[in-house]
Every structure is written in structure tokens, then in C-alpha cells.
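My entries follow in the order in which I looked things up.

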Amino acid sequence: MCYNKPIKIVLITLIPVSIWANSFKKNCLNCHFQQMQLQIFMSKYTLKYSSQERIEKAIYDYIKNPSKETSVMPFGFLRRFGIKEPTTLDDIELKKAINGYYKQYNLKQFIK
Amino acid sequence: MSSAERKSIINVLVLYLTSTILLVSILAYSYYNYETEQIEIQEKRVMIEDAKEVFTKIQTLHNNQFLQLIYPRFKEFNSAIYDIDKYLIYSTINDTKIDFSKSIYSKDGYKYFIYEVKPYYLGSAYIVIERKNESLLTQLGIKIIMLSVFIIFIIIITSIFLVRLILKPIRDNLNLLDRFIKDTTHELNTPISTILTNIELIDSANLDLKVEKKFNRIKTASLTISNIYEDLVFLVLNHSVSSQNVDVDINTIVKQRVDYFNILFESKNIKVSIIENDNFILNIDNKKITRVIDNLISNAIKYTKKSTNINIIIEKNNFKICDQGDGMTAMQISKIFERYTRFDDTQGGFGIGYNIVYTIVKEYNLNIDINSIIDEGTCVTISQ
């Protein structure tokens, strides 16, 4: 039927987004439940790495191999919360989660 | 203004103006380049200030992002921010196709300036400023062109004045000469008429050989004087006497004039051949064509070598007088029609013969053609 076609398109577009968003919720929000904290992370990554590709790569590298040197957070923050453990997620799942995080928190979308 | 004077003015003007225009162009070009550079530096400075203003605003936005992220907008210019991979973050510019290979460029009446920044507030690594081209360069170009035209105009006026000033002594001399000729002609009228009338009255048949020889010399000399006198009269009265044009048979008039100059031919042992291939009829004032033929024949007599031939060839539409003289160079031929031009000081005359011929020939739209070979001779052709 003709009127089914737009619905299919919307579903096809939304399914991957929701998958990435789900992956982010499922794997990240358990610990990073404070929205402001996630905004601060994004703000720091944006300030240092600028583009989506570089931000996602920097987050990926940090989560895979966290260290004081590769962290974007200030010394005080690291002293208080410490360095996180390396992720146990596989690469695909991790990339989906990072992408979901970027899509939800990138600054670009809020500029008016 | 005589043609020689006009020529001198034109020559000086061309030379003076070419060099001046060249100089003015170089100066204008250098000035334009210098001013362009200054304008560009000034524009760049203004756009750097714009970019810094945008940077400060986005820095504030980034640091207070928990409030609303409202991109700064300005009246005087538009701006856009791009991330490090040159993807657009936000823009108030209409044209988003930015050329990142240049730091400053113009497109469609707008000037674009790309300013690199770090750290990347709101992710922006490049701030692009768009300002309307204020057409300062066009205004400058118009200003320079107008100034150059004004300078060149002043130089033209100055050079004409200068040339006239330089030529004034020459012009005064020529006027003096003209006045002298006029006065002389007036004074010569009576004595020449008396000499010529009395010569005609003397019966040469009754003279003995010795006296006849002397008498012939006097006749030759008086003929020459008469010819010069006629030239001077033409020169003085040409403008005040109206032409009476009739159909003149050139063949007849040539024969008459050759006959008239016969004694001069004999004095240099010159043989004259008139070759009549056809009849040439010309509608012209009788006195004027006589001046043309007399001058051409008398010049041929003057410059041909002793014991040579003068050939006069008459065709349907032209006649030609050829001597066997020293000939002339192309340079001499180019100057021959100028008044008071003489190439050989050993021969008499004022240097007005060819000038008179040229004046008459031009008046009747005839053509005059001079072919000359050095050491062989000269042929002058008058054609319709």
C-alpha cells in the first residue's frame, strides 16, 4: 500500500539511531547517570578535538586505554573520581555507544 | 598653420605624449598596486577584528553552555564556524561553499576571510567572516584614471604651447621671407616686362654672330627670370585670383612650352623628345597647368646633365617628364613638396617650384608620381 512507504522510511531511519542510543543507555548510563557530567565531558572533548570523527576516536582511545595523559578532564576531577577501568565492550558495541553519546550530547545541535 | 608646422607639432606631441603616457601609466599602476595593498591590509585588519569578536562570543557561549547556545549575529558582517575537518557547525552566511585554500578572497560581491582558532570553542577550528565588498578598489581605479586623464590633458595643452613657442622663430622667418617675396615680386613687375618686350622687338636676324651669341645669353637669362617671376606671382596671387577652367589640350601646351624653353635646352645642349602616344585633355586653368609644365621642364633642365635627353611622354590620362640627371633619394623625394626646399645649392631658385606644382595638382585632384634612380635620372608623372 502506498501510505506504508513513508512509515517504512521513518522506521528504517530511526532503527539504527535507536540501536545506537540504546547501546549508549545500556552501557554508559548505569555509571554516568548525571546529565551534567556527560555535558561537561562533551564540552571538554569538543574544546580539544573539534570534529565528530576526532571526538569519537579520542573517546574510543580513552575508553580502550584510560590514562591521566589521554584524559580531557582536569587534575582535580581525576584525583576525586580516579581513572576508569578499560572497557570490556567489543569494538562494535563501543563505537555504537560512543556514537549514541555524541549524537545526544554534541554541542552543534544546540546552537541556534 | 603650414603642413610642415602641423607635422612638427604632431611629431613632438606623439613623442612627448607617448613617453608621458608611459610614465603616467607606470606611476598609476604602481600607485594602484600600493593602494590596493593598503586597502587589503586595512580590510584584513577589520576582518581579523570581526573574527576575534566572534571568537570571544563563542568562547563565552561554550563556557556558559548550560544556558541557551545562541550564535552571535552582527549588523556589519556575517560569520560561520567550521570544525577541524571543515564541516559546518553554524553559519549566518548564505554561501556555505567556502574556499579554505585562501585566507582572504572575494566572491559575488562579498569578501571572505578565514581565521584559524584554537582551542575549539563549540568545536570551531575556523571562523569565516563575510563582508560586503565596499568597491574601494573600483573607486580607486576611477580616481586614478581620472587623474591620469587630467594630467595627460594638461600635458597636451603644455606641449602644444611649447611646440608653438619653439616654432615661433621659424614661423617668423617664413613670414619674413613671404613678405620679402611679395615685395620683390611687386617691384620686379615693370623691369621684367620691359626686358621681355624689348627682347621680342629685337630682330636677331640682323645681328652678327658674336652679338647674337650674347643676345641669346640675355634671352636665356631673361627667360629664367620670367619663369621665376611667374612662380612668385602665382605664390603671391594664388589665393586672390579665381580659376578659369577650360579643356586644355596638354599635347599642344607641352609643345608650346618646350618651344618657349628652346633657348634653355640649346644652352645645355639638351635634346627634347615629345612622344605623343595619345591626346590628353584636361579641364584646368590654363595659367596653372602652364605653371606645372614650366616648373617640371625648368627643373628637368636645371638638374639634367649637359648633352643628355629629356623625354616627355603623353598618354591618354597622364604625361611624364623624364630627365637624365643625378636623381634623388627617397628622403629627398619625401621633402620635395615643402616650400623653400632645395637639394642643390649650385642651382638657382627659391625652392618653390615643386611646392607650386603640388598645390595646383592637389587643387585639381590630380596625382603626381616621382620615380627617381640615383645617377640615372628622374621621371615625374602627372595623371588624372
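**Helix packing in chain B**

I began with a helix contact in this predicted model: B:Lys288, B:Arg291, B:Val292, B:Asn295, B:Leu296, B:Ser298 and B:Asn299 in H6(B) meet B:Gly353, B:Ile356, B:Val357, B:Ile360 and B:Val361 in H8(B). The crossing in which H6(B) passes H8(B) is left-handed.

I then turned to the contact of H6(B) with H4(B). Helix H4 covers residues 250-260 of chain B and helix H6 covers residues 286-303; I read an angle of about 50 degrees between them, with their axes 10 Å apart. This angle makes H4(B) oblique to H6(B). Here H4(B) passes H6(B) in a right-handed crossing. On the H4(B) side I listed B:Ile253, B:Val254, B:Arg257 and B:Val258, which meet B:Ile289, B:Thr290, B:Ile293, B:Asp294 and B:Ile297 in H6(B). The residues of this contact divide into six nonpolar, one polar and two charged.

**Nonpolar cores**

I next asked which residues have the most contacts inside the largest nonpolar core. This core has 34 residues, and those with the most contacts inside it are B:Ile81, B:Tyr82, B:Leu122, B:Tyr126, B:Ile127, B:Val128 and B:Ile129. I traced the elements that each supply at least two residues of this core: from chain A, helix H2 (35-49), helix H3 (52-64) and helix H5 (91-105); from chain B, helix H1 (3-63) and the strands S1 (78-82), S4 (110-116) and S5 (126-132). The largest share, five residues, comes from H1(B).

Leaving aside its neighbours within four places in sequence, B:Tyr126 is in contact with B:Ile81, B:Tyr82, B:Lys86, B:Ile114, B:Tyr115 and B:Glu116.

I also recorded a second, separate core of 32 residues, which includes B:Phe280, B:Ile312, B:Tyr354 and B:Ile356.

**Where the chains meet**

My last entry concerns the two chains. I found 18 residues of chain B in contact with 13 residues of chain A. On the side of chain B that touches chain A, the residues divide into twelve nonpolar, four polar and two charged.

Terms used. Residues numbered from 1 in each chain as written. Chains lettered and ligands numbered in written order. Predicted model: local features only at pLDDT ≥ 70, side-chain atom pairs only at ≥ 80, totals over all residues. Axes fitted to C-alpha atoms, helices over the stretch in contact; angles between N-to-C directions. Helix = DSSP H or I, 4+ residues; strand = E, 2+ residues; numbered from the N terminus. Parallel < 35°, antiparallel > 145°, perpendicular 65-115°, else oblique. Left-handed = near helix turned anticlockwise from the far one by under 90°. Contact = placed C-beta atoms within 7 Å. Nonpolar A, V, L, I, M, F, W, Y, C, P; charged D, E, K, R; others polar. Core = buried A, V, L, I, M, F, W, Y, C linked by C-beta atoms within 7 Å. Buried ≥ 20, exposed ≤ 12 C-beta atoms within 10 Å, placed from the backbone.
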